[in-house]
Number of protein chains: 2
Amino acid sequence: MNIIISNNSSIPIYEQLENAIKEAIFSNELKEEDMLPSVRNLANDLKISFLTVKKAYDELEQEGFIKTVQGKGSFVAPKNLELIKEEKLKEIQDYIEKIYDISKISNIPKEEIKELFKIIFEEEI
Amino acid sequence: MNIIISNNSSIPIYEQLENAIKEAIFSNELKEEDMLPSVRNLANDLKISFLTVKKAYDELEQEGFIKTVQGKGSFVAPKNLELIKEEKLKEIQDYIEKIYDISKISNIPKEEIKELFKIIFEEEI
DNA sequence: TCTACTGTTATGTTTATAATATAACAGTAG
DNA sequence: CTACTGTTATATTATAAACATAACAGTAGA
């Protein structure tokens, strides 16, 4: 797995890690039942604390992406396409909210945004 | 000026304040050369520290939205809002492109995105 | 069973950021 | 001079993120 962590990003390390693992799952680089690196191994590789890795794993489990068994390890959960789609929709929602905030602060009318939206989405041909 | 500050938002108070003032400037509620409330007055009104207000004003000045003169006060800067608006539109365009990429990869129909867009933008009441 | 892996939990520390309070200082204008 | 402006310095509190260390607990193979 190709994980790059920036320790001076405004995004917390555990969150960067979560996202990287999610990406690996989405792209099928990590397949169902694949074992994830142990918290200590991954922590060593990334030169971070195992507690930070654990925090990322805990959240991934909470969200249903992995399953963890004490003494055995953490494994990619059986894929739930709906879950993945929900995730992506959430991402999209976040972007739309950012757009909304900008438009509100900058007093940009909704119509102009609709126009942009149309232009970009109609380039599909 | 109608400023509402939430002290249990994840957005820092000084940032909420910045956004509220930017909004007022963009909507022309605050016009060129208008004087902003003094740091102490606004702090009193909002029941926050004047240092928090000052931080917001400092950043607004850094970004060119206001001008501050010691002993006199803070004033809305001469507008070059068109430029700023162009930049904001570019930001929005980037976000829409990201949304487009996600929707394409994840096979999410345009209609669902339109729906989200509607929901978020119609929360204005 | 022993051992070497897994994950878990507890405690304490460091660092950074946000926000606060208080006090003193400095410029402006009536 | 006075009453407003903003500015600066210092200290404190709260919180989140990340870390270090140590001890505990489950799993599986030799």
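I started with A:Ile66 and looked up its bridge partner in E2(A), which is A:Val76. Helices (H or I, at least four residues) and strands (E, at least two) are DSSP runs, numbered from the N terminus. E1(A) and E2(A) run antiparallel and are joined by four bridges; two strands pair if DSSP finds at least two bridges between them. I then checked the turn: E1(A) and E2(A) form a hairpin with three residues between them, and A:Gly71 in that turn has a positive phi of about 90°.

Before going on, I noted the ground rules. This is a predicted model, where local features need pLDDT of at least 70 and side-chain atom pairs count only at pLDDT 80 or more, while totals for chains, interfaces and linings use all residues. Residues are numbered from 1 along each chain as its sequence is written, chains are lettered from A and ligands numbered from 1 in the order in which they are written, and side-chain values use heavy atoms, with hydrogens and water left out.

Which way do the residues of E2 of chain A (residues 73-76) point? A:Gly73 and A:Phe75 go one way, A:Ser74 and A:Val76 the other way, and all are buried. Buried means under 20% relative accessible area, exposed over 50%, partly exposed in between (1.4 Å probe, protein chains only). In a regular strand the side chains alternate between the two faces of the sheet.

I also looked at a lysine, B:Lys22, in helix H1 of chain B. Is B:Lys22 buried or exposed? B:Lys22 has a relative accessible area of 12%, so I put it down as buried. Its C-alpha atom is 9.9 Å from that of B:Val76, 54 residues apart along the chain.

**DNA strand C**

I listed 26 residues around DNA strand C, and A:Lys54, A:Gly71, B:Ile13, B:Tyr14 and B:Thr52 come nearest. A residue counts as near if one of its heavy atoms lies within 4 Å of the molecule or strand. Sugar and phosphate make up 63% of the atoms of DNA strand C that come within 4 Å of the protein.

- A:Arg40 has a polar side-chain atom 2.9 Å from a base nitrogen of DNA strand C.
- B:Arg40 has a side-chain N or O atom 3.3 Å from a base nitrogen of DNA strand C.
- B:Gly71 uses a backbone N or O atom, 3.1 Å from a base nitrogen of DNA strand C.

Which element gives the most to the surface near DNA strand C? I found H3(B), with four residues. By class, that surface has ten nonpolar, ten polar and six charged residues. For the classes, Ala, Val, Leu, Ile, Met, Phe, Trp, Tyr, Cys and Pro count as nonpolar, Asp, Glu, Lys and Arg as charged, and the others, Gly among them, as polar.

**DNA strand D**

Sugar or phosphate holds 62% of the atoms of DNA strand D within 4 Å of the protein, and bases the rest. H3(A) supplies the largest share of the surface here, four residues.

A polar side-chain atom of A:Lys55 is 3.5 Å from one, and a side-chain N or O atom of A:Lys72 is 3.4 Å from one. B:Val39 comes in with a backbone N or O atom at 3.2 Å from a phosphate oxygen.

**Rings**

My search of the whole structure gave eight aromatic pairs over all chains. Rings of Phe, Tyr and Trp (its six-membered ring) pair if their centres lie within 6.5 Å; planes under 30 degrees apart count as stacked, over 60 as edge-to-face and the rest as tilted.

A:Tyr100 and B:Phe121 are edge-to-face, 5.1 Å centre to centre with 80° between the planes. A:Tyr100 lies in helix H4 of chain A and B:Phe121 in helix H5 of chain B, so the pair joins two chains. B:Phe117 and B:Phe121 are stacked, at 4.5 Å and 15°; both lie in helix H5 of chain B, four residues apart, about one turn of the helix.

Note on methods
A polar contact is a pair of N or O atoms within 3.5 Å; within protein, one must be able to donate a hydrogen and the other to accept it, and residues adjacent in sequence count only if both atoms are side-chain atoms.
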